[in-house]
Amino acid sequence: MTVQPHLRPTPAGHLLVERAPAKVNLSLHVTGRRADGYHLLESLVAFAGCGDRLSLDPVRPLGLTVSGPGAEAAGGGQDNLVLRAVHHLMARRPGLVAGHFHLDKRLPVAAGLGGGSSDAAAALRLMARLNGLGLDDPAIRAAAVATGADVPVCLDGRARVMAGIGDLLAPPLGLPRLFAVLVNPRTPLATADVFRGLGLRAGTMREPTLQPVAPADGCGRSEVLAVLAKARNDLEAPARTLSPAIAEALALLRSLPECRLARMSGSGATVFGLFDDCRAAARGRRAIAAARPAWWARATSLR
Ligand SMILES: C[C@@](CO)(OP(=O)(O)O)[C@H](O)COP(=O)(O)OP(=O)(O)OC[C@H]1O[C@@H](n2ccc(N)nc2=O)[C@H](O)[C@@H]1O
Ligand SMILES: Nc1ncnc2c1ncn2[C@@H]1O[C@H](COP(=O)(O)OP(=O)(O)O)[C@@H](O)[C@H]1O
């Protein structure tokens with residue numbers, strides 16, 4: 001068995017493992033549309049305690065297997081964002097060592113939680129660890145941008161404001177731990193369809209919003225809630241048109257006395273509710289699960 005030069009043996013042999021946390025857009029303002037059709041946005045992004053899990057076995061040939069409840073929807077072929085990211089990286093840095101990836105797909109697919117982007121970012125982190133590259137390596141960053149608009153923000157998985165189409169990242173923000181319930185009514189939505197529903201002409205800019213999109217670095221929970229209360233998700237309206245269950249999920253969350261704020265994440269259909277502590281969030285999740293047993297609901301922390 002060959003041991004790769006930058007590989008640190010782990011208790012599980014030579015398997016390298018990365019978590020791929022769900023991304024939550026706490027706010028999302030669409031500020032315009034580029035001539036190429038991509039939308040410009042400003043979004044405060046945080047990452048959840050729940051997510052997928054990706055492992056890399058460097059002693060096997062390059063490949064991918066997928067298990068878990070989202071395996072079929074994510075697909076295990078070359079179109080999977082894990083392999084897309086690896087190919088983008090290897091095209092920029094020929095000679096890198098790869099291996100066999102296994103994805104445990106726990107997150108709902110096409111859900112506004114950036115699961116595929118987070119998986120792609122986890123694949124790039126695994127490749128970086130295996131080959132002794134930094135996450136700031138130009139090839140890693142370029143591969144992230146080439147794989148998808150949400151992949152750069154998922155690379156280090158830290159809360160921050162993203163702008164442009166997701167390629168401009170503000171420095172990481174010290175956010176207090178937020179306690180959330182994520183609810184997906186099991187209606188997959190294609191991101192492109194939701195953006196298209198905005199009906200914004202290519203090459204137009206919107207009036208800038210004067211509200212700050214992010215709370216101050218290191219502020220408390222109540223300040224975060226105050227900033228978020230003045231913010232919005234501009235994709236909520238077109239997403240609700242495509243999936244009426246979103247309005248139902250938001251109404252259910254807002255009917256819970258302990259829910260401080262409820263909003264959609266990304267292009268939906270997942271919505272999140274914020275609670276004061278983890279017990280309140282757990283109670284909220286139980287109430288949603290009792291009302292809609294077929295929906296996906298998780299109590300988790302965000303940071
Ligand atoms: C909306 C957001 C918010 O975080 O998240 P999700 O809902 O996907 O989780 C992202 O901008 C999604 O990023 P991502 O899912 O990586 O998008 P991509 O694969 O690059 O693009 C899919 C399609 O969405 C549209 N798109 C995407 C990003 C963007 N800023 N403007 C767009 O118009 C384009 O039609 C593009 O062809
Ligand atoms: N690893 C992956 N996980 C999820 N979806 C994937 C993955 N690889 C490719 N896809 C495809 O990417 C699309 C977007 O999936 P996903 O990242 O879950 O969406 P969203 O960002 O809205 O949560 C889906 O159509 C899915 O088939």
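1. Two strands pair if DSSP finds at least two bridges between them, where strands (E, at least two residues) and helices (H or I, at least four) are DSSP runs numbered from the N terminus. With that in hand, Phe179 can be read as standing opposite Phe275 in strand 10, and strand 7 (residues 178-184) and strand 10 run antiparallel, joined by five bridges.

2. Please keep in mind that this is a predicted model, in which local features need pLDDT of at least 70, side-chain atom pairs count only at pLDDT 80 or more, and totals for chains, interfaces and linings use all residues. Residues are numbered from 1 along each chain as its sequence is written, while chains are lettered from A and ligands numbered from 1 in the order in which they are written.

3. On confidence, pLDDT is the predictor's confidence in each residue, from 0 to 100; the protein averages 94, and 94% of the residues score at least 70. Over residues 1-11, however, pLDDT stays under 50. The model scores ipTM 0.99 and pTM 0.96.

4. Strand 10 (residues 271-275) also pairs with strand 9 (residues 261-264), in the antiparallel sense and over four bridges, and Leu261 stands opposite Leu274. These two strands form a hairpin with six residues between them, and Gly266 in the turn has a positive phi of about 55°.

5. In a regular strand the side chains alternate between the two faces of the sheet. In strand 10, Val271, Gly273 and Phe275 point one way and Phe272 and Leu274 the other way, and all are buried (20 or more other C-beta atoms, placed from the backbone, lie within 10 Å of the residue's own).

6. The domain assignment, which is automatic or from a database, gives domain 1 (16-169) and domain 2 (178-302), and their centres, taken over C-alpha atoms, are separated by 22 Å. In all, 30 residues of domain 1 are in contact with 38 residues of domain 2, contact meaning that two C-beta atoms, placed from the backbone, lie within 7 Å. Strand 1 gives the most to the side of domain 1 that touches domain 2, with eleven residues.

7. Ligand 1 lies between the two domains, because both give residues to the shell around it. Of the 19 residues around ligand 1, Gly148, Ala149, Asp150, Gly266 and Ser267 come nearest, a residue being near if its C-beta atom, placed from the backbone, lies within 6 Å. Strand 1 (16-33), strand 2 (39-57) and helix 6 (191-196) each supply at least two residues of this shell.

Note on methods:
A residue is buried if 20 or more other C-beta atoms lie within 10 Å of its own, exposed if 12 or fewer, and partly exposed in between; C-beta atoms are placed from the backbone.
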